[in-house]
Amino acid sequence: MDFVAGAIGGVCGVAVGYPLDTVKVRIQTEAKYTSIWHCIRDTYCQERVFLTSPTEVAKVRLQTQAQAQTQQRRPSASWTSVAPALCPATNACLEPRPKYHGPLNCLVTVAREEGLRGLYKGSSALLLRDGHSFATYFLSYAMLCEWLTPAGHSQPDVLGVLVAGGCAGVLAWAVATPMDVIKSRLQADGQGQQRYRGLLHCVVTSVREEGPRVLFKGLTLNCCRAFPVNMVVFVAYEAVLRLTRRLFT
């Protein structure tokens with residue numbers, strides 16, 4: 001039942017947090033965005049903020065393909081000047097076609113073009129991100145739950161679970177953000193000319209070009225997203241566990 005409760009909690013968390021996850025990935029991989037709201041506004045105006053598969057490589061590629069296609073097919077000044085004469089619907093003619101048409105098509109395309117290794121891009125950064133962040137996540141949740149449990153009770157009430165889950169998520173993403181930036185860049189790499197040769201090269205190149213602050217891109221958004229997402233995750237998890245205990249005892 002822990003597995004079922006965890007699965008339901010995870011699905012609820014993804015449903016709550018995915019739109020902001022798209023914005024987070026774009027801020028981390030695109031230098032053109034000056035703020036969170038700039039990214040949200042630009043994404044909404046161009047695509048109305050789509051929802052896609054949570055599979056990491058496919059997710060990042062689908063989230064960033066619109067920007068990559070626009071940069072690769074940006075028209076020259078001479079073409080722009082004659083475009084109206086050649087095509088009345090200029091915007092339609094210049095609109096780049098998406099390379100990927102869904103998560104399964106994305107995975108197949110990446111495997112065909114880049115081999116099976118392409119599906120595991122950023123796996124080293126993912127391991128480095130999740131190791132200490134999950135340790136922080138569950139340790140802080142357990143400590144906060146113990147601290148917020150009323151005297152004479154064995155577990156916190158709903159408000160305590162909400163606070164503990166939200167704070168645990170914020171703390172986990174605070175320590176995970178630097179490697180999350182590198183993971184997103186490695187997984188987005190490959191749409192066009194490949195820039196990074198590996199994790200260390202990505203870190204060095206990113207810091208040299210954009211300064212140390214690049215490792216904390218999306219930190220504010222990660223923390224803002226983490227609080228409601230992890231409130232929902234743990235409340236759903238605890239609610240399912242309590243429901244099953246009542247049904248089977």
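Predicted model: local features only at pLDDT ≥ 70, side-chain atom pairs only at ≥ 80, totals over all residues.
What share of the 249 residues in the chain is buried? Buried residues make up 41% of them, where buried means under 20% relative accessible area, exposed means over 50% and partly exposed lies in between, with a 1.4 Å probe and protein chains only. Residues are numbered from 1 along each chain as its sequence is written, and side-chain values use heavy atoms, with hydrogens and water left out.

Let me start with the overall architecture. The chain has 11 helices and 0 strands, taken from DSSP runs numbered from the N terminus (H or I of at least four residues for helices, E of at least two for strands). If a contact is defined as heavy atoms within 4.5 Å, then among contacts between residues at least 6 apart in sequence, 73% join residues at least 24 apart.

I turn now to the aromatic residues. A pair of aromatic rings is described by the distance of the centres and the angle of the planes. Rings of Phe, Tyr and Trp (its six-membered ring) pair if their centres lie within 6.5 Å, and planes under 30 degrees apart count as stacked, over 60 as edge-to-face and the rest as tilted. A search of the whole structure finds 5 aromatic pairs. In one of them, Phe134 and Tyr137, the centres are 6.2 Å apart and the planes stand at 70°, so this pair is edge-to-face. Both residues lie in helix α8 (residues 123-148), 3 residues apart, which is about one turn of the helix; Phe134 is partly exposed, with a relative accessible area of 41%, whereas Tyr137 is buried at 9%. Tyr137 also pairs with Phe234, with centres 5.4 Å apart and planes at 45°, so that this pair is tilted. Since Tyr137 lies in helix α8 and Phe234 in helix α11, the pair ties together parts that are 97 residues apart in sequence. Ring pairs link Phe134, Tyr137, Phe138, Tyr141 and Phe234 into a cluster.

The charged side chains come next. With a salt bridge defined as a side-chain nitrogen of Lys or Arg within 4 Å of a carboxyl oxygen of Asp or Glu, the count comes to 5. One of them joins Asp180 and Arg129 (2.7 Å, N to O), and this pair links distant parts of the chain, with Asp180 in helix α9 (residues 158-188) and Arg129 in helix α8, 51 residues apart. Both Asp180 and Arg129 are buried. Glu210 meets Arg185 in a salt bridge (2.8 Å, N to O), which links helix α10 (residues 199-210), where Glu210 lies, to Arg185 in helix α9, 25 residues apart. Glu210 also forms a salt bridge with Lys217 (3.2 Å, N to O). Of these residues, Glu210 counts as partly exposed at 31% relative accessibility, while Arg185 is buried at 6% and Lys217 is buried at 18%. Salt bridges that share partners join Arg129, Asp130 and Asp180 into one network.

Finally, the surface: Leu247, in helix α11 (residues 219-248), is exposed, with a relative accessible area of 61%.
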